[in-house]
Structures are given as structure tokens and as C-alpha cells.
Amino acid sequence: MIDFAIVEHPLASAYLTTLRDKNTKDRSFKSTLDKLSYLLASFAYSNLRTKKINIKTPLEATKGEAIDDEVVIIPILRAGLGLQNGFLNIYPDAMVSHVGIYRNEATLEPVKYYFKFPKLKNKKTAKIYMIDPMIATGGSSIAALNLLKDRGIKEVTLVSILTAPEGLDSLKKHFPDKSFNVKVYTIAIDRKLNTFGYILPGLGDAGDRYFGT
Ligand code: PRP
Ligand code: URA
């Protein structure tokens, strides 16, 4: 089942505008996506569980909290790498699993070329964060989510920057039941896809702009 949430934050809106602007050059595109990744990570990580721990401040003993989850970040290559820093830097104990998928430019069908997933202590309780700036037709995210579903994962947080209505509808159609739950975070749902499968108004090709290709 798909549960959808818009990330509402003034900085998210401002950074997104910088990313959309065609006059934003590669270097600034990279640093803006990087800054946004910290903001998105703080929203997405709000479902992490903590456990009570005993610590001592310089003055006395007190209780505190520590993260009590196995965490896996999954960037969808390539553009997902642009969101990795925030997720990994604010929680460096996270494992990173990569999924390699690109869209065939003619058919828009996802082409899988790489997947490496860690051995988890408990796949029912592990917290999985899949990151990809763009959900256009939804084909790439659906293919990546199916890889996790096939491995017995029950719950995933999917974090994006822009989503097309077509992609969101397709995600809902592919994952209708409660046996596999996906929480989607995005900053904006744009108008529609153009005939080449690009999001309008969008920000162009996220991977090409991030990597300068
Ligand atoms: C982009 C983007 C998503 C995908 C979204 O990747 O990063 O993975 O397109 O489109 P979809 O929802 O229609 O599948 P791309 O295929 O350009 O590969 P890249 O990241 O390697 O450039
Ligand atoms: N992938 C992108 O990078 N941009 C789009 O608009 C659609 C898919």
C-alpha cells in the first residue's frame, strides 16, 4: 500500500526552485541537491525507533536515547547518489545497498543492471530508505521496490524530490495491499509527463545535471 506525504518546508521549496532553474549550473545543482538531502533525510528518518540508554553528563548520570534500528539506504543509480550524503552523514551507521536501474529512452521501460543487498538481522523490522530524485512513469521505483518485495521486505520509505501524477498512480496500482507498505516522500507533484517521459515543469534529467553528462 502506498502512503504519500509532501515535504513542506520553506528551504525545500527554495532549493527545489534552484534545481528547476535551467540557469543553475552543474556545481550549484550538485550542492543544492546535497543540501536538500539532509532536509529530506530528517523527514524520512522520523520513523526510526530509539531505545533508552544510561549516560553521564559532565555533571551527573541521566538517561538518553540511541537509535535502535537496522538502517539501509538504497540509492537508485545514478541520480539517487545525489541524495546519499544527507542520509549517510546524519546516520553513518546505515548500510548502503545500491540498485542500478536506468530507463530505456525509447520505451521508458526500466533496465536493471545491478543490485547488492545486505544480510539483515531482521528484515521485518529493518528500516529501508530508497532514494531517487525523480518518480516519472514510476517504472524505475516500481522495479526497485519489487526487488525488495521479492526478498521479503515488508516496509520501505521512498524519498524523491519530484513526482509525476502518472508515476504516483502507477505506484498505487502496483502496490495495492497492506502486505507491502511504501511511504513516499516528495517535495512536489508536478503537472504531467511529456511525450518523452520527462516531468513537466520538472527539472530536466536529474542524473545528467548532477553528473554533468
Ligand atoms: C531517472 C531518475 C529515475 C528515473 C525516473 O533515471 O533518476 O531513476 O529516471 O523515471 P521513471 O519513473 O520513468 O522510471 P535515469 O533513467 O535517467 O538514469 P540515471 O539516473 O542513470 O541517469
Ligand atoms: N528522469 C529524470 O531525470 N527527469 C525526468 O523528468 C524524468 C525522468
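Let's start at D3, which touches V182, K183 and V184 once residues up to four places away in sequence are left out; contact here means heavy atoms within 4.5 Å. Before going on, a word on ground rules: this is a predicted model, in which local features need pLDDT of at least 70 and side-chain atom pairs count only at pLDDT 80 or more, while totals for chains, interfaces and linings use all residues. Residues are numbered from 1 along each chain as its sequence is written, chains are lettered from A and ligands numbered from 1 in the order in which they are written, and side-chain values use heavy atoms, with hydrogens and water left out.

Back to D3. This residue sits in strand β1 (residues 2-6); helices (H or I, at least four residues) and strands (E, at least two) are DSSP runs, numbered from the N terminus. With a relative accessibility of 40%, D3 counts as partly exposed. The cut-offs are these: buried is under 20% relative accessible area, exposed is over 50%, and partly exposed lies in between, with a 1.4 Å probe and protein chains only. D3 and T157 are 154 residues apart along the chain, yet their C-alpha atoms are separated by 9.4 Å.

Stay on β1 and move along to A5, which lies in that strand too. A5 counts as buried, at 16% relative accessibility. Setting aside neighbours within four places in sequence, A5 is in contact with K183, V184, Y185 and T186.

Now zoom out. The protein has six helices and 15 strands. Its radius of gyration is 18 Å, close to the 17 Å that the globule rule gives for 213 residues, so the protein is as compact as a globular protein of that length. (That radius is taken over C-alpha atoms, and the rule is 2.2 Å times the number of residues to the power 0.38.) Along the principal axes, the C-alpha atoms fill a box of roughly 65 × 40 × 25 Å. Of the 213 residues, 46% count as buried. Take the contacts with a separation of 6 or more, and residues 24 or more positions apart account for 72% of them.

What about the outside? The protein exposes about 11200 Å², with carbon and sulfur atoms supplying 52% of it; the areas come from the Shrake-Rupley method with a 1.4 Å probe, and for residues only the protein chains shown count as cover. As for charge, the mean positions of the 30 positive and 22 negative charges are 3 Å apart. Lys and Arg count as positive and Asp and Glu as negative, with His and the chain ends not counted; each charge is placed at NZ of Lys, CZ of Arg, CG of Asp or CD of Glu.

Next, the helices. In α1 (residues 10-20), the buried residues are A12, Y15, L16 and L19. Seen down the axis, they fall within an arc of 105°, so they line one face of the helix; the arc is that of the directions from the helix axis to the C-beta atoms. P10 and T17 are exposed on the other side of α1. The cover over the buried residues includes α2 (26-44), β11 (162-163), β13 (188-189) and α6 (206-211). Helix α5 (residues 165-174) has G167, L168, S170 and L171 as its buried residues. These cover an arc of only 165° around the axis, which puts them on the same side of α5.

The loop between β4 (71-77) and α3 (84-90) is worth a stop, and R78 is found there. A cis peptide bond joins L77 and R78, with omega about 0°. G82 is in the loop between β4 and α3 as well, and counts as buried at 1% relative accessibility. Not counting residues up to four places away in sequence, G82 touches L33, D34, S37 and Y210.

Most residues other than glycine have a negative phi, and most peptide bonds are trans. L200 and P201 are joined by a cis peptide bond with omega about 0°, and P201 lies in the loop between β15 (199-200) and α6. L108 is not a glycine but has a positive phi of about 65°. Look for L108 in the loop between β6 (99-103) and β7 (110-115), where L108 is buried with a relative accessible area of 19%.
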